[in-house]
Amino acid sequence: MTSRRIFMLGSCAAALAALATRSALAEDRQPLQEDEPQAREFSYVNNASKVDPKKFPDFKPGDRCSKCQIYEDGPDEMGGCPLFPKRLVAAAGWCTSFG
């Protein structure tokens, strides 16, 4: 019984440590700026309402980073995106890799 209890406590501690580390990493990331080279490569904008549907025919009203399959929730209307490591993207943003 003692070893099971120790295992459960250790598992809970490990899960809490992982969550705390992820939160700390998210806070260290800076917001992506539209004029950065990688942002320009994907035509990233902080506000999807700025997207020209004639220039990007795949864009549909309502598309935004927070609805993308690869968007990762983050702090204050920002989130992570594997396309932009160590950066945060605006939940209201958009890029050509939306999916």
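This is a predicted model: local features need pLDDT of at least 70, side-chain atom pairs count only at pLDDT 80 or more; totals for chains, interfaces and linings use all residues.
Biologist: Where do I start? Which helices and strands does the protein have, and how many?

Modeller: Begin with the secondary structure. The protein has two helices and four strands. Along the sequence they follow the pattern α-β-α-β-β-β.

Biologist: How do strands make a sheet?

Modeller: Strands pair through backbone hydrogen bonds, either parallel or antiparallel. In this model, four strands form an open sheet in the order S1-S4-S3-S2. The pairing is mixed.

Biologist: Which strands stand at the edges?

Modeller: S1 and S2 do. Each has a single partner strand, so one side of each is left without a neighbour in the sheet.

Biologist: Which way do the pairs run, parallel or antiparallel?

Modeller: Take them in turn. S1 and S4 run parallel, joined by two bridges. Here Gln30 stands opposite Arg87 in S4. S3 and S4 run antiparallel, with three bridges. Gly80 faces Leu88 of S4 in that pairing. S2 and S3 also run antiparallel, joined by two bridges. Asp73 has Gly79 in S3 as its bridge partner.

Biologist: What lies between S3 and S4?

Modeller: A turn. The two strands form a hairpin with six residues between them. Lys86 sits in that turn and has a positive phi of about 65 degrees.

Biologist: Now the charged side chains. How do I read a salt bridge?

Modeller: Side chains of opposite charge can pair when their charged atoms come close. This model has two salt bridges. One links Glu34 and Lys50, with N to O at 4.0 Å.

Biologist: Why look at where Glu34 and Lys50 lie?

Modeller: Glu34 is in the loop between strand S1 and helix H2, and Lys50 is in the loop between H2 and strand S2, so the pair ties together parts that are 16 residues apart in sequence. Glu34 is partly exposed at 28% relative accessibility. Lys50 is exposed, at 56%.

Biologist: Which residues form the other bridge?

Modeller: Glu36 and Arg87, with their closest N and O atoms 3.2 Å apart. Glu36 is in the loop between S1 and H2, and Arg87 is in strand S4, so this bridge ties together parts that are 51 residues apart in sequence. Glu36 counts as buried, at 18% relative accessibility. Arg87 counts as partly exposed, at 25%.

Biologist: What about the cysteines? How many disulfides are there?

Modeller: First the idea. A disulfide is a covalent bond between the sulfur atoms of two cysteines. This structure holds zero disulfides.

Biologist: Are Cys68 and Cys95 buried or exposed?

Modeller: Cys68 is buried, with a relative accessible area of 14%. Cys95 is buried too, at 8%.

Methods. Residues are numbered from 1 along each chain as its sequence is written. Side-chain values use heavy atoms; hydrogens and water are left out. A disulfide is a pair of cysteine sulfur atoms within 2.5 Å. Buried means under 20% relative accessible area, exposed over 50%, partly exposed in between (1.4 Å probe, protein chains only). A salt bridge is a side-chain nitrogen of Lys or Arg within 4 Å of a carboxyl oxygen of Asp or Glu. Two strands pair if DSSP finds at least two bridges between them.
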